[in-house]
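Please look over the backbone points below before using the coordinates. They are given one per paragraph.

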Amino acid sequence: MLPADLLMQRYQGEAVIPKRLPCSADNLAIAAELIALFQAATGGTRAELQAQLQILEGEETDYRMKRGLAHLLETAFSTFEMRSPLDPATIRQRVFALSAQSIPGPQGSAATLAAVAETLSHELEREVSPEQIRAWLYADLPEQQVLTSFDAPTPEALLQRYNLSQAQGVLYRASHVVITAHRNDPGEYKLLFRYVKLFGLMAYIEGDADHGFTLTIDGPTSLFTPSTRYGLALAKMLPALLHVTRWSLAAILVPRQLSPYTPQEARFSLHAGCGLVSHYPPGKPHDSILEQAFAERWAHTRTAWRLEREVDLIPLPGSVMVPDFRLVHPDGRSFLLEIVGYWRPEYLRKKFAQVRRAGRHDLILAISERLNLERAGVKTDNLPARVVWFKDKVLPKAVLEVIGE
Amino acid sequence: MARPSTLSFDRGTLILHPPPPGKAWIDYATWDDRVERFRIRALHYRRLVEVLTAEGTTLVDSAREFTPLTLVPALEMTPYPHQREALAAWVAAGRLGVVVLPTGAGKTYLAQLAMQATPRSTLVVVPTLDLMHQWYAHLLAAFPDTPVGLLGGGSHDSTPVLVATYDSAAIYAEALGNKYALLVFDECHHLPSEFPRVIAEYSLAPYRLGLTATPERGDGRHADLQSLIGPEVYRTSAAALSGTVLATHRIVRLTVKLSQRERERYDTLLELRNRFLQQHSIRLGSLAGWQSFVKASARSRAGRSAMLAHREARAIAFGTAGKLRVLADLLAQHASARTLVFTDDNAMVYRISREFLLPAITHKTAVKERHDILQRFRTGEYPILVASRVLNEGVDVPEASVAIVLSGTGSQREYVQRLGRILRRGEGKLALLYEVVAEATSEEQLSRRRRQGVLARPYQQMELLETELLAAEGGEETCYQPTC
């Protein structure tokens with residue numbers, strides 16, 4: 001992601017449009033030039049790298065774009081390390097303690113450095129010059145650190161990352177986002193909600209699996225005052241949303257009031273066809289081998305019921321349930337199936353509480369028989385869901401039986 | 001009988017469920033569809049509990065996790081009259097409010113007294129890592145039997161007495177909100193900004209104390225201190241305390257001439273910039289003018305080079321070699337004095353540190369080393385210390401008797417606080433402040449602006465002393481000629 005001063009965006013009325021670099025020959029050349037510069041700078045200090053970057057920037061007006069690309073290369077693809085034979089803080093302490101004995105000035109400094117160089121030459125058993133001491137003095141400062149490795153992206157990948165970062169940057173100022181998730185199969189919602197939860201966000205969910213969902217995402221205190229407190233979290237969520245297949249997003253923004261022409265409120269919108277590329281790893285197609293095996297078995301089962309993956313969302317107060325599968329019959333009937341393979345009593349108790357609170361009567365739970373529930377202290381009475389018990393594998397036949405086929 | 005209403009804490013807010021009888025609480029509650037519960041601002045905790053109690057409602061309070069503490073002070077001093085008055089005013093205001101005291105008037109000890117008067121788990125929020133360690137050291141000495149911890153600067157403790165930076169406390173505001181009954185905001189004028197204000201908003205702390213020398217903010221947001229902390233309950237000025245707490249001090253302004261080469265380069269750069277500004281009818285000197293310059297500089301090559309020229313000219317004025325020559329001279333003059341050197345930017349700090357081999361502190365200095373350097377400065381092992389803005393606010397450096405300001409911005413607060421550094425109490429100490437500026441550069445205006453702001457405020461005594469000093473030396477300003 002980019003710091004605020006490297007974000008570039010323009011207004012079209014109240015709509016904010018982030019900078020987007022097309023994969024043109026010109027832009028690819030700039031990206032390639034920067035990547036080559038980083039490759040050549042490997043082994044040198046950050047200060048040297050920055051001096052090179054400054055030369056490349058020159059007096060051209062596109063310096064902010066170049067700085068943005070360089071920032072991504074520096075933060076996401078580079079490793080910097082400190083180079084000094086001793087802890088620089090120790091060197092500093094010795095130099096400053098000795099220097100305090102003389103009146104500060106060029107003569108005093110030269111004498112101090114010479115004295116410390118001599119002591120260190122003895123200690124390290126090699127020739128140490130006063131100039132080296134001066135260099136090691138602040139070897140731990142970021143600008144003195146050495147670029148030890150650079151994991152070069154392709155120029156296309158760098159431009160993609162830049163475009164994503166600019167879009168994420170718009171969300172820094174977002175008070176909330178509204179995502180319209182159209183009918184999706186597979187939905188890939190689990191990954192999305194995993195990030196929603198990870199970043200401390202909250203979602204208000206409306207809709208159903210056949211018509212799609214509206215997800216309003218913000219944070220606990222958004223209820224009182226819309227604030228940009230959750231903007232960074234929303235920005236971090238964006239790459240996860242890119243893995244969902246069909247969606248559109250609308251964000252309300254509170255722009256930083258930089259000039260009298262800045263609007264009080266602005267908007268940002270994005271949709272699945274936006275062309276942005278996520279760098280988050282995609283969610284696994286199936287959470288477990290159990291689910292995968294079940295889906296494969298279903299494909300070979302002769303039935304009118306169709307199997308869809310992660311297409312439905314069951315809103316719960318303060319949470320959401322994303323059932324693994326949905327079974328749809330051509331006549332319109334449908335059921336939701338959740339496979340509970342390996343569980344601990346605490347997990348199962350929570351799951352049952354969720355099912356009770358969900359108030360849905362089309363739920364099927366397939367639960368592994370590996371533990372004695374009574375002995376584990378989990379009560380199964382008063383459970384509104386149909387239950388399929390299984391030993392090693394979930395059989396389509398057993399599931400079809402509980403729905404009366 | 002109905003289940004009693006329970007109040008719980010959720011990431012910086014309160015949830016009240018099931019809804020209690022009565023009506024008064026509804027003023028504070030908002031229905032939250034996402035969880036199907038009533039949600040309440042954490043900031044309203046105290047008032048909510050008060051109205052529910054007044055109506056005789058049974059409330060299960062599972063929100064608060066703050067605890068009573070036994071605070072046995074190991075460090076006791078006779079409070080100054082202003083500390084006693086301030087404490088009484090704060091307690092009388094229901095332990096909610098802001099106390100305005102000049103730098104060096106013993107804010108830390110006042111906070112200790114407030115903690116003793118309100119023995120509950122306490123969060124102290126400070127703007128810098130240096131202040132963090134100063135508070136930490138003081139609280140450890142004051143309450144040796146109480147666990148005191150740090151949040152920020154590489155530490156992440158969770159102790160009943162916690163000292164945190166504004167940044168870290170704001171980042172963890174959701175988690176800290178219900179763990180502390182007393183919040184102490186040092187330099188509380190920082191609090192109303194957009195990011196840190198959540199420390200107060202997401203907290204249910206019923207007791208809050210704000211401390212500052214300069215509550216007023218350029219953006220007018222100091223009005224929000226009323227709702228975030230409480231009303232201003234006490235104020236006294238440096239002038240009122242003069243002679244009782246603060247050392248007397250003198251200010252000496254030194255003007256440095258640029259060397260011939262620097263002067264030529266500076267003039268060339270300014271001419272280049274001014275030509276561009278004229279062509280585009282841009283006038284600097286106001287924020288709007290500056291913004292149009294920034295915009296214009298991003299649009300054309302000529303604008304870009306004008307901006308680069310402006311920057312280089314500024315760097316010459318701020319970082320001129322002449323200042324380093326003056327610095328060497330001043331350091332030699334005051335060879336035995338405990339001296340602080342301030343500059344505006346880190347690059348200059350490190351340049352001085354490398355050339356003069358003097359210990360330096362910037363925001364990049366690790367907490368442990370910073371602590372160590374300050375310790376050595378206090379004991380006198382390091383007689384001189386170079387620092388950037390990082391030491392600006394209220395760090396206790398009791399022994400410093402000379403301060404040298406090598407450059408600075410026009411911000412009034414910064415200047416007052418830099419002065420505060422040497423205004424610390426000392427036995428018969430006469431503190432000296434040198435301000436070194438380059439002659440006939442834009443920097444002179446900054447210095448004038450700084451001093452005007454200061455003179456209009458409680459520091460009239462300084463004007464007197466400065467006039468006396470100038471008269472005694474028989475000239476307007478001491479002038480240094482470059483020797484090369």
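**Backbone notes**

1. B:Pro18 lies in the chain B loop that runs between strand 2 (13-17) and strand 3 (29-32). Helices (H or I, at least four residues) and strands (E, at least two) are DSSP runs, numbered from the N terminus. The peptide bond that joins B:His17 to B:Pro18 is cis, its omega being near -10°.

2. This is a predicted model, in which local features need pLDDT of at least 70 and side-chain atom pairs count only at pLDDT 80 or more, while totals for chains, interfaces and linings use all residues. Residues are numbered from 1 along each chain as its sequence is written, and chains are lettered from A and ligands numbered from 1 in the order in which they are written.

3. A:Glu310 is not a glycine, yet its phi is positive, at about 50°. In chain A, A:Glu310 sits in the loop between strand 10 (306-309) and strand 11 (314-316). A:Glu310 counts as buried because it has 25 C-beta neighbours inside 10 Å. A residue is buried if 20 or more other C-beta atoms lie within 10 Å of its own, exposed if 12 or fewer, and partly exposed in between, with C-beta atoms placed from the backbone.

4. B:Arg95, also not a glycine, has a positive phi of about 60°. Its loop connects helix 2 (81-92) and strand 6 (96-100) of chain B. With 21 other C-beta atoms within 10 Å, B:Arg95 is buried.

5. In chain B, helix 14 (residues 346-356) has as its buried residues B:Met348, B:Val349, B:Tyr350, B:Ile352, B:Ser353 and B:Phe356. B:Leu357 follows helix 14 of chain B and has a positive phi, near 55°.
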